[in-house]
Structures are given as structure tokens and as C-alpha cells.
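I am opening a notebook page on this structure, and I will write down what I looked up in the order in which I looked.

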Amino acid sequence: MEKDININFFKPVGDFMKKDVAIKKKIIVIWFLAVYGFLFLLKLVANPDETVQLTLNTGEVITQVSGMSFLTETQFLGFPFHYWYSSQFLIALFIGLCYWYCKFIDKLESEYEK
Amino acid sequence: MKRMMHWGLSLFFVLMSTNAFAVTNLNPEGKFKVIPAILMISLLILFIMVGVFSKAQNTEDYWAAGRGVGQIGGGMAIASNWMSAASYLGMAGLIYLKGYFAISYVLGWTGGYVLLLVLMAGQVRRYGKYTAPDFVGDRYYSTTARLMSALIVITISFVYAVGQYKGIGMMFNWIFGIDYKTSVVVGTGVVLTYVLISGMLGATKNMQVQYVVIVITFFLPLFFIASKLGYFSAVPQIGYGAAVYDIGHGGNGIVAAASDPSYYLPFAKYTMYHWFALCMTLMLGTAGLPHVIGRFYVVPRVSDARWQVVWGLFCIALVYWTAPAYAAFAKFSNLLGTTGTTITPDAIVVNAAELAGLPEWFAGFLAAGGVSAAFSTVGGLLMAGSSAFAHDIYFRVMYPNASEDNKMKVARIGTVILGVSIIIVALNPPALIAQITAVAFALGANTFFPLFLLGLWWSRTTKEAAIAGMIVGLAVTFGSMLIPKTSILAFYIPFTSSAVVGVPAVLITMIVVSYMTPEPSQEIKELLYRVHNDE
């Protein structure tokens, strides 16, 4: 075998694929942190005194923080901030990430004359 | 054949008469609402006309719409194909009921497109196949894998469409005053008719028309609702933010004692784990739904396939920025103590207009839009399901020498069988619209997402791994529905969110099995190399 043609996301072969995969990784990391990092942050900064009781499907009753914090009590455009962030900003961010990727890959493809 | 029909019909009437999970009658007096009815009927005529005038000429058209749809047009088609009764009616209903927790539906159904674009769209288009099972059968060099994946496509279409039929039935019930079950039969009869007379070409044109209808009907009443309730109504998508704040803290007529902070607090009703599990399942499902992936074959150039995703996501976002507003305004009116309207979660969008005291035709607008949303999705689903049957099972596996005419005929028979059998389940729907839809997503995530992900990105994945992966994926999806509702397992694997456990399990299975079985042939690897480097 003259060249390595085993395809593996973590071991890209060829210049084009290397650059492509590098930006894919960046986008996926930003995407994950923006959605789930923020969720975790909400839990992390929550006021420990504000709790609620939840009845789980198993019948067990647990007490957990309700998530009240400066993120939920600050108003932004009238919204509680976290509500605006999740229901409006993140969707715009998704569009932005997709736009970024398309621009990048179009340029890369023209460089490599594909 | 005759006996089968006879048997089918009797079963049909038996199910019609059982009332185990009866859907709330939205229109108990059986009132025929004149303006909404005129709106609805003119829309139906419009859809059928568009379908007739852009009729499919041959099978090439029927499956891939001639591969000639532009970027924005394709984006609109993606969006209306995507936005179903679950987005239009179901999502707002869940936000109304579950508050911030249900924002995970909004994010799950948009965020998945990032994964779809980055990991799949371009590569799938370059691979150059017609359908998802075609890809699976070819990449995993196995007829068994092709057959299994075709059956999974049919199952996904089936489950997904059940939720849509419910939406259609409820809206027909509200508009025409006929009871829910008759509504399901009448409404879906119309969808079947237009899918049959037009193919995907007709459907693609239709989807663009439907997208415009969806956006107009969804936006227009909201301005009036916002202004009626005293919120910033020029951009009600921003104006509703203050309503969310008032729901939680009191204000604008709501006394502090009557406020409901659990509406906006993140962990007031569910745990963080469940938010994560649901959002992840919907995202991975989005990237693994065969009828969504299928749209990339319609595009002539790889670059267009990608830009269609961006446009599609933007068109979807317009509606998704709006849905939580309906939920908030309905919740607000509800706390204000507006009475006289029975609230049904799956009809909350229509209820919101009624609660705000707007004239009936506003609600009629929304009801008609809800049906359009369901129509476009059912159209795409029936296409995906019947082409899995006609193309992947009948043509590829059973009769490779079948003529064009025969394939068309089988596709149409498949559409009818699928369309009619969905009615039977939809007569007694098992859950809320968005929940039924979430199960379809879990199935997509647990099967097609790993198949495409590893299939495209790891050339070592073998055919045995694909088959084992599908078996595990099916087991997790359906297993999660069977485990007792009160068990600890059901806590960690809710049936709407099973992919959070399912996808890692399937990926591990596929990787382990791949290493235990002989490597794929050199041709497969070379093909993948070309897909990624295109030299």
C-alpha cells in the first residue's frame, strides 16, 4: 500500500482533511460548551438556599436547588437572562456556527480546487 | 387481498370504538367554525393544486426531485419538512406545561443541525446515494444491513407520523366540529391523496408554499396577542420576555402571590440530568433522521448541500424563536385568571389566541397553520417510508430487474399501506405530540446517527459492527419504553431521551465488534478517502 487511506476522525489524512477536521473540532467544542456548559453553570452558581422538592418517577422525593441565581434574576430585554440566552441567543449562535463553517469550507475547497 | 382488506377494516372499526386514551374534544358543541374552515379548505386546495402542477414524471423525480433545488428554496423545504405539528403545536404546549425544562426541545431541534452540517451533510452528498438505507447497504457491503436500516426508516416514519396525525385530527376537530377520530381519518385522507398524486418534486414545491403559510400564520396572531396583553408588540418574540418575568415574579396584573416561579427557574420541575438527556437525544436524532439526511441528495453541488443547512436552520429559527412566546402568553393569561377556555397542551397555540380574547379567525389562522406544518412533514415521512419500501427493499433486495413502472406502483402501494396503518395508532395516541415525536428522534439517534458517524469517519467499521449496532440501538429504544415507569432504570433512561445512554452503548458496541471482525475491503477505504479528500 503506497499511501495511508485509513480514515479516522482523530487521525485525518491529507492536507484538506486535516484542515477540515481542525475547524470541525473547534465548532463542536464551542457548540457543546455553549449549550451544556451553560446548563452546568446554572447549577454551579445557583443559590443553595433556594430549593424545591421533586417527586421522581420512582416515588422518591428529592430536594434540589431551583437554579435561582444572578443569571436568572438579571433582566435582559425584559427576559430573565438565562431564558433569553437559551431560547434566543443559542439558536442565533447555532446559525452563526453553521455560517462560519460554510464560509470556511467553501474557501478551503476553492484553495484545493475541488 | 380482499380478505386482508376486510380484516383490516374490521380491526379499524374496533379501534375506532375503543375509548381508552380518548383525546379531549376541543369543540364539544360540534360547532362548525366558518372562517377557519374556509381558510383551511382553501389551503388544502392550494396544496393539492401545487402538487398536481408539479407532478413527478419518473422514479428519478419521485425520489430525489431531479436534484435541482436552489439554496434558499432548499432551505425552506428543509424547514417545512422539519417543522411539524410537534414544532408548531406540541413545543409550545410542553413549554406551557414544563417551563424552562422544555426549552431543551427548542435547543435540541435546532442545535442538532450544527452536528448534521459539520459531520454529515457534505460527506453524505459526496458519497452520492439516493436514500439512507442505500448508504448503509453500500458502505457496510451487506444486504442484511440494508434491509434492517430500511425497516428502521419505515419505523421512524411511522412513529413520527403518529404525532402529526394527532395534530391534524385535533385541528380538524377544532375547526369543523367533527369528532377527533373522524377528523384523523378525513385529514390524513387528504395528505395521502396529495402525496400520491405528486411525488417529491411536487412535495418540494409544496414544502416551500407550506413554509410561507407556516410563518405567516404563526407570526400574525402573535402581534395582536402581545398588544392585547400589554407587551411590546412590534417584536413579540422579544416582548414575551417581560411576560416570562411577570409570570415568575408577579406584575402587569398578576399579584405576587399568584406568580409561578417554577415557569422560569431552570431546575424547578426536572433535574439537570433530564434536561441534558432530552436535549442530547433530540440533537443526535436530528443528525440521524433519514428523511432529513435524504434531503441532501436533492442538491446538485456539495457546497449547496451545506448552505441549504444554514438557510434551513434560519427558516426554522424564525418559528422556534416564536413558539415560546405562545406558551408564555397562554401561561400569563392563565395566571390572570381568564376563564371560559379549556386548555389542552397540544392546542396551546390556538388556546393562547382564545385566552387573549382575540376574534375566532385568529385562532383559525393558527389551526390552519398547524395543519400545514403537519402536512408537509407527513408528506416527507411517507415519501421516506415508501421509498425505503419500494427502492431499498423491493428493488434492491427482492427484484433488482423491476421496471420503472413497477417501482412507481410499489412506492404508491407502500405509501397507502403506511399512511393507513398510521391512522390506526393515531386514533388512540399514546402521549403528547412532542413526546411521540421525541421517540422517533431517539430511534434515529440510536441507529442512524452512529451508522453514519462511524461509517463516514472511521473506515475500520465493519458490516458486522453495523448490524450489531442496529440491534443494540433498537433494543435500547424499545427497551426504554418497556421498563416499568417507576423503576430506577426509567429514571436514567426516559423513553423520550434514551439516546443519552443508547448512542454511547451503540458506539462502543460498533467499535468493539469492528476490531473483532475482518477489516472492510480496500475499495470501501478508497471510496471513503475520496469522500474526504476528493482527489
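I began with a definition: helices (H or I, at least four residues) and strands (E, at least two) are DSSP runs, numbered from the N terminus. The model is predicted, and local features need pLDDT of at least 70, while side-chain atom pairs count only at pLDDT 80 or more and totals for chains, interfaces and linings use all residues. Residues are numbered from 1 along each chain as its sequence is written, chains are lettered from A in the order in which they are written, and side-chain values use heavy atoms, with hydrogens and water left out.

Entry on helix 11 of chain B. I noted that this helix covers residues 236-249 and that its 14 residues reach 20 Å from first C-alpha to last, close to the 20 Å expected at 1.5 Å a residue, the expected span being 1.5 Å times one less than the number of residues. I found that 11 of the 14 residues are buried, so helix 11 of chain B is largely enclosed by the rest of the structure; buried means under 20% relative accessible area (1.4 Å probe, protein chains only). Among the buried residues I listed Y240(B), V244(B) and I247(B). After the helix comes G250(B), with a positive phi near 85°.

Entry on chain A and chain B. I read that 64 residues from chain A and 69 residues from chain B take part in the contact, which means heavy atoms within 4.5 Å. I counted three salt bridges between chain A and chain B, each a side-chain nitrogen of Lys or Arg within 4 Å of a carboxyl oxygen of Asp or Glu. One of them joins R126(B) to E109(A) at 2.8 Å, N to O.

Conventions. Buried means under 20% relative accessible area, exposed over 50%, partly exposed in between (1.4 Å probe, protein chains only).
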